[in-house]
Amino acid sequence: MFTKAFRVKSNTVMKGSDRRKLRADVSAAFPSLSADDLNELVPNKEEVNVVKIFAHKGDAVILYALHKNPVFFQLEKQLYPTVYTLWRYPDLLPAFTTWAPVVQKLIGGADLMLPGVVVSSAGLPDVKKGDCCAINVVSNRAPVAVGTAALSSSDMRSSGMKGKGVSVLHTYMDQLWAFGNKTAPPVTPVTDTPVQADGDMDGVEGREGGEEEVMKNEGVENEGQHGSETAAVESSCQSLQDLNLGEQEQEVESEEAKEEVQEEEKDSRSPQEQMDSLLFQCFLHALKSKVKKSELPLLTGTFLGKHMASCCPRGKHLDIKKSSYKKLSKFLQTMQKEHSLIRVKELSKGVDSIVEVDWKNPELCSFCVPGDWEPPEECVEEGENCEVSYQPPEITPLYGVTARLEPLFQEVQKKKGSVIQASEVRTIITDYVKKNELVHETNKSYVKVNPVLCDCLLEKSEYQEIEVLKWDDLFSRTLSRMQACHQLQFPGQAPVVRKGQVESIDITVASRGSNKKVTIIKNLEGFGIDPAVVADTLQHRVQASSVLHDVPGAKDRQLVQIQGNQVQHVGRLLLEQYQIPRKYIQGLDKAPKAGKKK
(Lines give C-alpha, C1' and ligand atoms only; values in the text may rest on other atoms or scores of the structure.)
Protein backbone atom coordinates (compact mmCIF):
# COMPACT_ATOMS: atom_id res chain seq x y z
CA MET A 1 0.00 0.00 0.00
CA PHE A 2 2.86 2.38 0.78
CA THR A 3 5.35 1.21 -1.83
CA LYS A 4 4.91 4.51 -3.66
CA ALA A 5 4.68 8.08 -2.41
CA PHE A 6 1.35 9.14 -0.91
CA ARG A 7 -0.35 12.55 -0.89
CA VAL A 8 -0.88 14.39 2.41
CA LYS A 9 -4.30 16.03 2.68
CA SER A 10 -3.96 17.55 6.16
CA ASN A 11 -1.71 17.47 9.21
CA THR A 12 -3.16 18.73 12.51
CA VAL A 13 -2.40 18.45 16.22
CA MET A 14 -4.74 16.08 18.06
CA LYS A 15 -7.05 17.57 20.70
CA GLY A 16 -7.51 16.18 24.20
CA SER A 17 -10.90 14.58 23.55
CA ASP A 18 -9.59 12.93 20.38
CA ARG A 19 -6.63 11.54 22.32
CA ARG A 20 -8.96 9.85 24.79
CA LYS A 21 -10.96 8.35 21.95
CA LEU A 22 -7.82 7.13 20.18
CA ARG A 23 -6.52 5.63 23.42
CA ALA A 24 -9.80 3.76 23.86
CA ASP A 25 -9.70 2.52 20.25
CA VAL A 26 -6.12 1.32 20.63
CA SER A 27 -6.99 -0.44 23.90
CA ALA A 28 -9.93 -2.19 22.24
CA ALA A 29 -7.91 -3.22 19.18
CA PHE A 30 -4.84 -4.35 21.15
CA PRO A 31 -5.97 -5.48 24.63
CA SER A 32 -2.49 -6.74 25.55
CA LEU A 33 -1.29 -3.14 25.97
CA SER A 34 -1.20 -1.93 29.57
CA ALA A 35 -2.32 1.50 30.74
CA ASP A 36 1.32 2.67 30.84
CA ASP A 37 1.84 1.42 27.30
CA LEU A 38 -1.21 3.36 26.12
CA ASN A 39 0.03 6.53 27.82
CA GLU A 40 3.39 6.16 26.08
CA LEU A 41 1.83 5.64 22.65
CA VAL A 42 -0.84 8.34 23.08
CA PRO A 43 0.52 10.74 25.74
CA ASN A 44 -1.46 13.63 27.18
CA LYS A 45 1.22 16.34 27.17
CA GLU A 46 3.28 15.49 24.09
CA GLU A 47 2.34 16.47 20.55
CA VAL A 48 0.37 13.86 18.61
CA ASN A 49 -0.49 14.65 14.99
CA VAL A 50 -3.37 13.37 12.85
CA VAL A 51 -2.27 13.11 9.23
CA LYS A 52 -4.85 12.37 6.55
CA ILE A 53 -3.33 10.95 3.37
CA PHE A 54 -4.29 9.33 0.08
CA ALA A 55 -2.25 6.30 -0.95
CA HIS A 56 -1.05 6.05 -4.55
CA LYS A 57 -4.05 3.81 -5.39
CA GLY A 58 -6.52 6.28 -3.92
CA ASP A 59 -7.11 4.65 -0.50
CA ALA A 60 -7.93 7.16 2.26
CA VAL A 61 -5.71 6.50 5.27
CA ILE A 62 -5.35 8.28 8.61
CA LEU A 63 -1.92 8.33 10.28
CA TYR A 64 -1.32 8.99 13.98
CA ALA A 65 2.19 10.35 14.57
CA LEU A 66 4.03 10.86 17.87
CA HIS A 67 7.10 13.12 17.65
CA LYS A 68 6.60 13.06 13.85
CA ASN A 69 6.95 9.26 13.92
CA PRO A 70 3.89 7.29 12.70
CA VAL A 71 2.71 4.88 15.41
CA PHE A 72 -0.66 3.74 13.98
CA PHE A 73 -2.52 3.98 10.69
CA GLN A 74 -6.25 3.54 10.16
CA LEU A 75 -7.67 1.94 7.03
CA GLU A 76 -11.41 1.36 6.62
CA LYS A 77 -11.95 2.09 10.34
CA GLN A 78 -9.44 -0.56 11.44
CA LEU A 79 -6.29 0.37 13.33
CA TYR A 80 -2.91 -1.10 12.42
CA PRO A 81 0.41 -0.50 14.21
CA THR A 82 3.43 0.65 12.23
CA VAL A 83 6.80 -1.09 12.37
CA TYR A 84 8.00 1.67 14.71
CA THR A 85 5.36 0.63 17.26
CA LEU A 86 6.02 -3.08 16.76
CA TRP A 87 9.73 -2.61 17.41
CA ARG A 88 8.81 -1.31 20.87
CA TYR A 89 6.18 -4.03 21.39
CA PRO A 90 7.29 -7.00 19.23
CA ASP A 91 4.64 -9.32 20.72
CA LEU A 92 1.73 -6.96 20.05
CA LEU A 93 0.56 -8.98 17.00
CA PRO A 94 0.74 -12.66 16.05
CA ALA A 95 3.77 -12.98 13.82
CA PHE A 96 4.68 -15.17 10.86
CA THR A 97 8.36 -15.91 10.30
CA THR A 98 10.04 -15.96 6.92
CA TRP A 99 13.51 -15.97 5.36
CA ALA A 100 15.57 -12.80 5.33
CA PRO A 101 15.83 -12.59 1.49
CA VAL A 102 12.03 -12.72 1.21
CA VAL A 103 11.74 -9.36 2.97
CA GLN A 104 13.30 -7.62 -0.02
CA LYS A 105 10.39 -8.83 -2.15
CA LEU A 106 7.82 -7.81 0.44
CA ILE A 107 9.24 -4.30 0.30
CA GLY A 108 8.72 -4.35 -3.46
CA GLY A 109 4.97 -4.82 -2.96
CA ALA A 110 4.58 -8.63 -2.78
CA ASP A 111 2.35 -10.60 -0.40
CA LEU A 112 3.75 -13.36 1.79
CA MET A 113 2.99 -16.84 0.39
CA LEU A 114 2.65 -19.85 2.67
CA PRO A 115 5.63 -21.70 1.10
CA GLY A 116 7.77 -18.81 2.37
CA VAL A 117 6.63 -19.23 5.99
CA VAL A 118 9.06 -20.83 8.44
CA VAL A 119 7.19 -22.82 11.10
CA SER A 120 8.78 -22.82 14.57
CA SER A 121 8.53 -25.47 17.25
CA ALA A 122 5.42 -23.71 18.61
CA GLY A 123 3.65 -24.06 15.25
CA LEU A 124 1.73 -21.41 13.33
CA PRO A 125 0.28 -18.43 15.19
CA ASP A 126 -3.44 -18.70 15.89
CA VAL A 127 -5.18 -16.26 13.56
CA LYS A 128 -8.49 -15.91 11.77
CA LYS A 129 -8.99 -14.67 8.24
CA GLY A 130 -8.62 -10.90 8.15
CA ASP A 131 -6.80 -10.65 11.49
CA CYS A 132 -3.98 -8.13 11.76
CA CYS A 133 -0.60 -9.86 11.93
CA ALA A 134 3.11 -9.14 11.64
CA ILE A 135 6.01 -10.67 9.70
CA ASN A 136 9.54 -11.16 11.03
CA VAL A 137 12.64 -13.10 9.97
CA VAL A 138 14.18 -16.27 11.41
CA SER A 139 17.01 -14.41 13.11
CA ASN A 140 15.11 -11.49 14.63
CA ARG A 141 11.73 -11.12 16.34
CA ALA A 142 11.54 -7.42 15.40
CA PRO A 143 8.69 -7.27 12.81
CA VAL A 144 9.49 -5.93 9.35
CA ALA A 145 5.96 -5.93 7.87
CA VAL A 146 2.30 -5.59 8.86
CA GLY A 147 -0.70 -7.07 7.07
CA THR A 148 -3.84 -9.20 7.36
CA ALA A 149 -4.14 -12.96 7.36
CA ALA A 150 -5.42 -14.27 4.02
CA LEU A 151 -6.54 -17.54 5.66
CA SER A 152 -7.17 -18.83 9.16
CA SER A 153 -4.45 -20.93 10.78
CA SER A 154 -6.48 -24.13 10.31
CA ASP A 155 -7.08 -23.37 6.63
CA MET A 156 -3.35 -22.75 6.17
CA ARG A 157 -2.52 -26.19 7.55
CA SER A 158 -5.28 -27.93 5.60
CA SER A 159 -4.06 -26.31 2.36
CA GLY A 160 -0.69 -27.98 2.78
CA MET A 161 0.97 -24.58 3.31
CA LYS A 162 0.25 -23.46 -0.24
CA GLY A 163 -1.28 -20.23 -1.49
CA LYS A 164 -1.31 -16.72 -0.01
CA GLY A 165 -0.62 -16.39 3.72
CA VAL A 166 -0.51 -12.65 4.53
CA SER A 167 -1.76 -9.66 2.52
CA VAL A 168 0.96 -7.10 3.25
CA LEU A 169 -0.06 -3.48 3.95
CA HIS A 170 3.07 -1.84 5.33
CA THR A 171 6.77 -2.79 5.46
CA TYR A 172 10.07 -1.58 6.74
CA MET A 173 11.62 0.83 4.17
CA ASP A 174 8.32 1.73 2.46
CA GLN A 175 6.98 5.30 2.20
CA LEU A 176 5.17 5.11 5.56
CA TRP A 177 8.44 4.09 7.24
CA ALA A 178 10.20 6.93 5.40
CA PHE A 179 7.60 9.37 6.82
CA GLY A 180 9.19 8.76 10.26
CA ASN A 181 12.78 8.97 11.47
CA LYS A 182 13.94 6.10 9.19
CA THR A 183 15.61 4.08 11.93
CA ALA A 184 16.66 0.46 11.35
CA PRO A 185 14.96 -2.46 13.15
CA PRO A 186 16.42 -3.37 16.54
CA VAL A 187 17.88 -6.83 17.16
CA THR A 188 15.35 -8.76 19.26
CA PRO A 189 16.47 -12.30 20.27
CA VAL A 190 14.45 -15.24 18.93
CA THR A 191 12.81 -17.43 21.59
CA ASP A 192 11.68 -20.35 19.40
CA THR A 193 14.07 -21.93 16.92
CA PRO A 194 12.70 -22.91 13.50
CA VAL A 195 12.76 -26.69 13.55
CA GLN A 196 10.46 -27.21 10.60
CA ALA A 197 11.42 -25.28 7.49
CA ASP A 198 8.39 -25.60 5.27
CA GLY A 199 9.32 -22.40 3.54
CA ASP A 200 10.61 -21.53 0.13
CA MET A 201 12.86 -18.48 0.28
CA ASP A 202 11.07 -17.08 -2.77
CA GLY A 203 7.61 -17.62 -1.31
CA VAL A 204 6.03 -14.33 -2.28
CA GLU A 205 3.37 -13.15 -4.69
CA GLY A 206 3.88 -10.00 -6.75
CA ARG A 207 1.07 -7.42 -6.65
CA GLU A 208 2.52 -4.45 -8.56
CA GLY A 209 3.01 -4.43 -12.34
CA GLY A 210 5.49 -7.20 -13.13
CA GLU A 211 7.28 -6.97 -9.78
CA GLU A 212 7.37 -10.64 -8.80
CA GLU A 213 5.98 -13.85 -10.21
CA VAL A 214 4.08 -16.38 -8.13
CA MET A 215 6.60 -18.80 -6.69
CA LYS A 216 5.22 -22.31 -6.25
CA ASN A 217 6.44 -25.09 -4.01
CA GLU A 218 5.53 -28.65 -4.93
CA GLY A 219 6.40 -29.85 -1.44
CA VAL A 220 9.09 -32.32 -2.59
CA GLU A 221 11.49 -32.99 0.27
CA ASN A 222 14.77 -34.84 0.08
CA GLU A 223 18.06 -34.80 1.86
CA GLY A 224 19.68 -32.33 -0.57
CA GLN A 225 16.80 -29.88 -0.21
CA HIS A 226 16.84 -30.23 3.55
CA GLY A 227 20.54 -29.47 3.54
CA SER A 228 20.10 -26.32 1.49
CA GLU A 229 17.27 -25.14 3.77
CA THR A 230 19.42 -25.67 6.83
CA ALA A 231 22.18 -23.63 5.23
CA ALA A 232 19.65 -20.88 4.45
CA VAL A 233 18.56 -20.79 8.12
CA GLU A 234 22.17 -20.50 9.26
CA SER A 235 22.95 -17.73 6.77
CA SER A 236 19.88 -15.73 7.72
CA CYS A 237 20.52 -15.90 11.46
CA GLN A 238 22.25 -12.53 11.60
CA SER A 239 21.01 -9.14 12.64
CA LEU A 240 18.45 -7.48 10.38
CA GLN A 241 20.80 -4.57 9.93
CA ASP A 242 23.34 -6.91 8.30
CA LEU A 243 20.61 -7.95 5.88
CA ASN A 244 20.16 -4.26 4.99
CA LEU A 245 17.46 -5.29 2.52
CA GLY A 246 19.66 -4.34 -0.42
CA GLU A 247 18.95 -0.59 -0.16
CA GLN A 248 20.58 0.70 3.04
CA GLU A 249 23.99 2.35 2.97
CA GLN A 250 26.85 -0.15 3.44
CA GLU A 251 29.96 1.95 3.07
CA VAL A 252 31.31 1.11 6.55
CA GLU A 253 34.85 -0.12 6.45
CA SER A 254 35.31 -3.83 7.09
CA GLU A 255 37.63 -3.25 10.02
CA GLU A 256 35.08 -1.07 11.84
CA ALA A 257 32.36 -3.63 11.19
CA LYS A 258 34.53 -6.39 12.67
CA GLU A 259 35.22 -4.29 15.75
CA GLU A 260 31.49 -3.71 16.28
CA VAL A 261 30.79 -7.41 15.98
CA GLN A 262 33.53 -8.20 18.47
CA GLU A 263 32.14 -5.62 20.92
CA GLU A 264 28.66 -7.13 20.62
CA GLU A 265 30.07 -10.60 21.27
CA LYS A 266 31.95 -9.40 24.36
CA ASP A 267 28.89 -7.62 25.81
CA SER A 268 26.48 -10.35 26.87
CA ARG A 269 23.94 -7.88 28.30
CA SER A 270 20.56 -7.37 26.69
CA PRO A 271 20.05 -4.25 24.50
CA GLN A 272 17.89 -2.74 27.22
CA GLU A 273 20.59 -3.21 29.87
CA GLN A 274 23.18 -1.72 27.52
CA MET A 275 21.01 1.35 26.95
CA ASP A 276 20.47 1.74 30.73
CA SER A 277 24.24 1.66 31.24
CA LEU A 278 24.83 4.17 28.44
CA LEU A 279 22.23 6.56 29.88
CA PHE A 280 23.84 6.44 33.33
CA GLN A 281 27.32 6.98 31.84
CA CYS A 282 26.19 10.01 29.80
CA PHE A 283 24.26 11.32 32.81
CA LEU A 284 27.34 11.32 35.06
CA HIS A 285 29.53 12.62 32.23
CA ALA A 286 27.17 15.56 31.61
CA LEU A 287 26.98 16.49 35.30
CA LYS A 288 30.74 16.31 35.73
CA SER A 289 31.93 18.16 32.64
CA LYS A 290 28.99 20.01 31.05
CA VAL A 291 26.55 21.39 33.61
CA LYS A 292 27.53 24.51 35.56
CA LYS A 293 26.01 25.69 38.82
CA SER A 294 25.06 28.95 37.15
CA GLU A 295 22.81 27.05 34.69
CA LEU A 296 20.50 25.75 37.42
CA PRO A 297 17.56 25.43 37.33
CA LEU A 298 17.99 23.54 34.05
CA LEU A 299 15.12 22.20 31.92
CA THR A 300 15.22 18.40 31.81
CA GLY A 301 14.71 18.37 28.04
CA THR A 302 17.63 20.77 27.58
CA PHE A 303 19.78 18.59 29.85
CA LEU A 304 19.09 15.51 27.71
CA GLY A 305 19.32 17.13 24.27
CA LYS A 306 22.15 19.55 24.92
CA HIS A 307 24.36 17.96 27.58
CA MET A 308 23.76 14.19 27.73
CA ALA A 309 23.60 13.80 23.93
CA SER A 310 26.96 15.53 23.51
CA CYS A 311 28.50 13.07 25.99
CA CYS A 312 27.40 10.01 24.03
CA PRO A 313 30.38 8.01 22.63
CA ARG A 314 30.86 8.18 18.87
CA GLY A 315 28.96 5.44 17.05
CA LYS A 316 26.28 5.16 19.75
CA HIS A 317 22.92 6.88 20.12
CA LEU A 318 20.87 7.67 23.22
CA ASP A 319 17.30 6.39 22.98
CA ILE A 320 15.34 6.60 26.23
CA LYS A 321 12.57 4.48 24.69
CA LYS A 322 14.94 1.51 24.34
CA SER A 323 15.86 1.60 28.04
CA SER A 324 13.96 0.10 30.95
CA TYR A 325 12.87 3.61 31.99
CA LYS A 326 10.99 4.41 28.74
CA LYS A 327 10.59 8.05 29.85
CA LEU A 328 13.11 10.72 30.77
CA SER A 329 11.08 11.66 33.85
CA LYS A 330 11.32 8.10 35.22
CA PHE A 331 15.06 7.99 34.60
CA LEU A 332 15.63 11.29 36.41
CA GLN A 333 13.39 10.21 39.30
CA THR A 334 15.58 7.10 39.66
CA MET A 335 18.70 9.29 39.70
CA GLN A 336 17.06 11.39 42.42
CA LYS A 337 15.63 8.67 44.67
CA GLU A 338 18.11 5.80 44.32
CA HIS A 339 21.35 7.69 43.66
CA SER A 340 20.62 11.07 45.30
CA LEU A 341 22.49 12.84 42.50
CA ILE A 342 19.95 15.51 41.59
CA ARG A 343 16.70 17.09 42.67
CA VAL A 344 13.98 17.57 40.05
CA LYS A 345 11.10 20.00 40.54
CA GLU A 346 8.14 21.10 38.42
CA LEU A 347 8.73 24.87 38.33
CA SER A 348 5.90 25.47 35.87
CA LYS A 349 2.93 23.32 34.95
CA GLY A 350 4.05 20.27 33.00
CA VAL A 351 7.70 21.39 32.72
CA ASP A 352 10.33 19.73 34.94
CA SER A 353 13.69 21.26 35.78
CA ILE A 354 16.82 20.10 37.58
CA VAL A 355 17.08 22.53 40.49
CA GLU A 356 19.92 20.98 42.49
CA VAL A 357 22.96 18.73 41.91
CA ASP A 358 24.89 16.93 44.66
CA TRP A 359 28.40 17.74 43.42
CA LYS A 360 29.95 15.79 46.33
CA ASN A 361 28.11 12.55 45.55
CA PRO A 362 30.64 9.63 45.64
CA GLU A 363 29.41 8.21 42.31
CA LEU A 364 29.83 11.59 40.63
CA CYS A 365 33.23 12.29 42.21
CA SER A 366 34.63 8.87 41.27
CA PHE A 367 33.38 8.99 37.67
CA CYS A 368 36.07 9.35 35.01
CA VAL A 369 35.41 10.48 31.45
CA PRO A 370 35.83 7.44 29.11
CA GLY A 371 39.14 7.46 27.27
CA ASP A 372 37.48 6.77 23.91
CA TRP A 373 35.11 9.75 24.16
CA GLU A 374 35.66 12.58 21.71
CA PRO A 375 33.81 15.92 21.69
CA PRO A 376 31.45 16.53 18.74
CA GLU A 377 33.27 17.84 15.69
CA GLU A 378 31.15 21.01 15.43
CA CYS A 379 32.04 22.07 18.96
CA VAL A 380 35.74 21.27 18.41
CA GLU A 381 35.84 23.55 15.38
CA GLU A 382 33.77 26.40 16.73
CA GLY A 383 34.82 26.25 20.39
CA GLU A 384 32.56 27.44 23.16
CA ASN A 385 30.35 29.43 20.81
CA CYS A 386 29.11 26.33 18.98
CA GLU A 387 25.90 26.28 21.02
CA VAL A 388 24.70 29.81 20.25
CA SER A 389 25.28 31.25 16.79
CA TYR A 390 23.41 34.49 17.52
CA GLN A 391 25.32 37.46 18.94
CA PRO A 392 23.36 40.49 20.18
CA PRO A 393 24.00 43.92 18.61
CA GLU A 394 25.83 46.70 20.40
CA ILE A 395 23.32 49.52 20.92
CA THR A 396 24.60 53.12 21.19
CA PRO A 397 22.20 56.04 21.93
CA LEU A 398 22.77 59.00 19.59
CA TYR A 399 21.40 62.52 19.26
CA GLY A 400 20.67 64.47 16.07
CA VAL A 401 21.10 68.22 15.67
CA THR A 402 17.77 69.99 15.07
CA ALA A 403 17.11 73.27 13.28
CA ARG A 404 16.58 75.08 16.59
CA LEU A 405 19.96 73.96 17.97
CA GLU A 406 21.93 74.50 14.76
CA PRO A 407 23.35 77.91 15.89
CA LEU A 408 24.76 76.24 19.00
CA PHE A 409 26.66 73.63 16.95
CA GLN A 410 27.57 75.93 14.05
CA GLU A 411 31.11 76.57 15.29
CA VAL A 412 31.97 72.83 15.18
CA GLN A 413 30.50 72.33 11.70
CA LYS A 414 27.55 70.26 12.93
CA LYS A 415 24.59 71.03 10.71
CA LYS A 416 20.98 69.99 10.96
CA GLY A 417 20.71 66.19 10.88
CA SER A 418 24.24 65.53 12.16
CA VAL A 419 24.28 62.61 14.62
CA ILE A 420 26.59 62.59 17.65
CA GLN A 421 26.94 60.78 20.96
CA ALA A 422 25.99 62.26 24.35
CA SER A 423 29.64 62.54 25.42
CA GLU A 424 30.44 64.53 22.30
CA VAL A 425 27.45 66.85 22.94
CA ARG A 426 28.76 67.49 26.43
CA THR A 427 32.24 68.32 25.10
CA ILE A 428 30.88 70.71 22.43
CA ILE A 429 28.69 72.58 24.94
CA THR A 430 31.55 72.87 27.44
CA ASP A 431 33.89 74.25 24.78
CA TYR A 432 31.24 76.72 23.61
CA VAL A 433 30.69 78.02 27.16
CA LYS A 434 34.40 78.44 27.84
CA LYS A 435 35.13 80.01 24.45
CA ASN A 436 32.38 82.61 24.92
CA GLU A 437 33.35 83.17 28.60
CA LEU A 438 29.88 82.27 29.88
CA VAL A 439 30.98 80.67 33.17
CA HIS A 440 29.61 82.71 36.09
CA GLU A 441 32.32 84.83 37.74
CA THR A 442 31.43 84.06 41.36
CA ASN A 443 29.80 80.63 41.13
CA LYS A 444 31.51 78.26 38.70
CA SER A 445 28.59 75.80 38.79
CA TYR A 446 26.42 78.26 36.83
CA VAL A 447 26.53 79.33 33.19
CA LYS A 448 25.34 82.70 31.97
CA VAL A 449 22.66 82.56 29.26
CA ASN A 450 23.62 84.50 26.14
CA PRO A 451 21.23 85.18 23.19
CA VAL A 452 22.18 81.93 21.40
CA LEU A 453 21.53 79.77 24.50
CA CYS A 454 18.34 81.74 25.14
CA ASP A 455 16.94 81.01 21.69
CA CYS A 456 18.08 77.39 21.66
CA LEU A 457 17.27 76.24 25.19
CA LEU A 458 14.69 78.50 26.83
CA GLU A 459 10.96 78.72 26.35
CA LYS A 460 9.45 82.10 25.49
CA SER A 461 8.03 82.44 28.99
CA GLU A 462 11.54 81.99 30.43
CA TYR A 463 13.27 84.70 28.39
CA GLN A 464 12.91 87.40 31.07
CA GLU A 465 13.15 85.12 34.09
CA ILE A 466 16.27 82.94 33.59
CA GLU A 467 19.69 84.51 33.31
CA VAL A 468 21.86 81.56 34.43
CA LEU A 469 21.65 77.78 34.20
CA LYS A 470 23.37 75.03 36.14
CA TRP A 471 25.75 72.85 34.11
CA ASP A 472 23.50 69.76 34.52
CA ASP A 473 20.42 71.75 33.51
CA LEU A 474 22.31 73.09 30.50
CA PHE A 475 23.25 69.58 29.30
CA SER A 476 19.81 68.06 29.95
CA ARG A 477 18.01 70.88 28.11
CA THR A 478 20.34 70.47 25.14
CA LEU A 479 19.85 66.69 24.90
CA SER A 480 16.06 66.95 25.34
CA ARG A 481 15.81 69.30 22.38
CA MET A 482 17.84 67.05 20.08
CA GLN A 483 16.46 64.29 17.84
CA ALA A 484 16.75 60.91 19.59
CA CYS A 485 18.57 58.30 17.48
CA HIS A 486 20.43 55.05 18.05
CA GLN A 487 23.08 52.96 16.38
CA LEU A 488 22.98 49.16 16.02
CA GLN A 489 26.32 47.42 15.50
CA PHE A 490 25.96 43.73 14.66
CA PRO A 491 29.18 41.65 14.79
CA GLY A 492 30.88 41.63 11.39
CA GLN A 493 28.47 44.18 9.88
CA ALA A 494 28.52 47.91 9.23
CA PRO A 495 26.78 50.00 11.91
CA VAL A 496 23.19 51.05 11.25
CA VAL A 497 21.87 54.42 12.49
CA ARG A 498 18.13 54.79 13.02
CA LYS A 499 15.98 57.70 14.15
CA GLY A 500 14.00 57.45 17.36
CA GLN A 501 14.46 55.42 20.53
CA VAL A 502 15.31 51.72 20.41
CA GLU A 503 12.09 49.80 19.81
CA SER A 504 11.98 47.28 22.64
CA ILE A 505 10.86 43.69 22.23
CA ASP A 506 7.24 43.66 23.37
CA ILE A 507 5.77 40.66 25.21
CA THR A 508 2.02 40.66 25.88
CA VAL A 509 -0.52 38.13 27.10
CA ALA A 510 -3.94 38.12 25.44
CA SER A 511 -7.12 36.10 25.96
CA ARG A 512 -8.63 34.01 23.20
CA GLY A 513 -12.05 32.37 23.37
CA SER A 514 -13.06 30.74 26.64
CA ASN A 515 -10.39 32.21 28.92
CA LYS A 516 -7.55 30.69 26.91
CA LYS A 517 -4.39 32.76 26.98
CA VAL A 518 -1.75 33.28 24.31
CA THR A 519 1.64 34.98 24.52
CA ILE A 520 2.51 37.46 21.73
CA ILE A 521 6.06 38.60 20.96
CA LYS A 522 6.74 41.62 18.71
CA ASN A 523 9.71 43.60 17.37
CA LEU A 524 12.20 40.72 17.23
CA GLU A 525 13.48 41.86 13.83
CA GLY A 526 14.86 45.07 15.34
CA PHE A 527 17.48 43.00 17.14
CA GLY A 528 18.26 40.76 14.17
CA ILE A 529 16.30 37.81 15.62
CA ASP A 530 14.37 35.53 13.26
CA PRO A 531 10.77 35.15 14.55
CA ALA A 532 10.50 31.71 12.91
CA VAL A 533 13.50 30.43 14.90
CA VAL A 534 12.05 31.81 18.15
CA ALA A 535 8.66 30.23 17.42
CA ASP A 536 10.22 26.82 16.70
CA THR A 537 12.47 26.97 19.79
CA LEU A 538 9.60 27.89 22.11
CA GLN A 539 7.32 25.26 20.57
CA HIS A 540 9.80 22.49 21.43
CA ARG A 541 10.77 23.98 24.79
CA VAL A 542 7.27 24.42 26.25
CA GLN A 543 5.46 21.78 24.13
CA ALA A 544 2.81 24.23 22.96
CA SER A 545 1.71 25.20 19.47
CA SER A 546 3.08 28.45 17.99
CA VAL A 547 2.20 30.46 14.90
CA LEU A 548 3.56 33.48 13.01
CA HIS A 549 1.37 36.44 11.98
CA ASP A 550 2.20 39.46 9.82
CA VAL A 551 2.19 42.72 11.79
CA PRO A 552 -0.56 44.98 10.38
CA GLY A 553 0.84 48.07 8.69
CA ALA A 554 4.46 46.94 9.04
CA LYS A 555 6.31 45.57 6.03
CA ASP A 556 8.46 42.45 6.51
CA ARG A 557 7.55 42.20 10.20
CA GLN A 558 6.04 39.23 12.01
CA LEU A 559 4.85 38.51 15.51
CA VAL A 560 5.10 35.19 17.33
CA GLN A 561 2.00 33.80 19.04
CA ILE A 562 2.29 30.78 21.35
CA GLN A 563 -0.39 29.09 23.46
CA GLY A 564 -0.53 29.79 27.17
CA ASN A 565 1.21 32.34 29.39
CA GLN A 566 4.82 31.60 28.40
CA VAL A 567 6.33 34.94 29.46
CA GLN A 568 8.77 33.25 31.84
CA HIS A 569 10.14 30.96 29.12
CA VAL A 570 10.25 33.78 26.55
CA GLY A 571 12.16 35.98 28.98
CA ARG A 572 14.64 33.23 29.77
CA LEU A 573 15.20 32.59 26.07
CA LEU A 574 15.81 36.27 25.25
CA LEU A 575 17.90 37.06 28.33
CA GLU A 576 20.04 33.92 28.51
CA GLN A 577 20.36 32.57 24.99
CA TYR A 578 20.03 35.77 22.95
CA GLN A 579 21.59 37.96 25.70
CA ILE A 580 19.24 40.89 25.07
CA PRO A 581 19.58 43.51 27.88
CA ARG A 582 16.58 43.50 30.19
CA LYS A 583 15.90 47.21 29.58
CA TYR A 584 15.06 46.43 25.94
CA ILE A 585 12.38 43.83 26.82
CA GLN A 586 8.91 44.99 27.82
CA GLY A 587 6.33 42.76 29.48
CA LEU A 588 8.51 40.48 31.64
CA ASP A 589 6.30 41.42 34.60
CA LYS A 590 3.36 39.61 32.97
CA ALA A 591 4.77 36.17 33.89
CA PRO A 592 2.39 34.06 36.05
CA LYS A 593 3.00 34.56 39.75
CA ALA A 594 4.11 31.56 41.80
CA GLY A 595 1.24 29.70 43.41
CA LYS A 596 -1.41 31.27 41.18
CA LYS A 597 -3.08 29.43 38.35
CA LYS A 598 -3.24 31.38 35.15
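Helix α19 passes helix α20 in a right-handed crossing (the near helix is turned clockwise from the far one by less than a right angle). This is a predicted model, where local features need pLDDT of at least 70, side-chain atom pairs count only at pLDDT 80 or more, and totals for chains, interfaces and linings use all residues. Residues are numbered from 1 along each chain as its sequence is written, and side-chain values use heavy atoms, without hydrogens and water.

**The helix pair**

The two helices pack at about 120°, with their axes 11 Å apart. That makes α19 oblique to α20 (angles under 35 degrees are roughly parallel, over 145 roughly antiparallel, 65 to 115 roughly perpendicular, the rest oblique). Contact means heavy atoms within 4.5 Å.

| Helix | Residues | Contact residues |
|---|---|---|
| α19 | 531-542 | Val534, Thr537, Leu538, Arg541, Val542 |
| α20 | 567-577 | His569, Val570, Leu573, Gln577 |

The residues of this contact divide into five nonpolar, three polar and one charged.

**The sheet**

Four strands form an open sheet in the order β17-β16-β20-β21, with antiparallel pairing (strands pair if DSSP finds at least two bridges between them). β17 (419-420) and β21 (496-499) stand at the edges with a single partner strand each, so one side of each has no neighbour in the sheet. β16 (394-400) and β20 (483-489) pair over seven bridges. Leu398 stands opposite Cys485 in β20.

**Salt bridges**

The structure holds 12 salt bridges (a side-chain nitrogen of Lys or Arg within 4 Å of a carboxyl oxygen of Asp or Glu). Lys21 and Asp25 meet in a salt bridge at 3.2 Å, N to O. Both residues lie in helix α1 (16-29), four residues apart, about one turn of the helix.

Methods. Axes are lines fitted to C-alpha atoms, for helices over the stretch in contact, and angles run from 0 to 180 degrees between N-to-C directions. Ala, Val, Leu, Ile, Met, Phe, Trp, Tyr, Cys and Pro count as nonpolar, Asp, Glu, Lys and Arg as charged, and the others, Gly among them, as polar.
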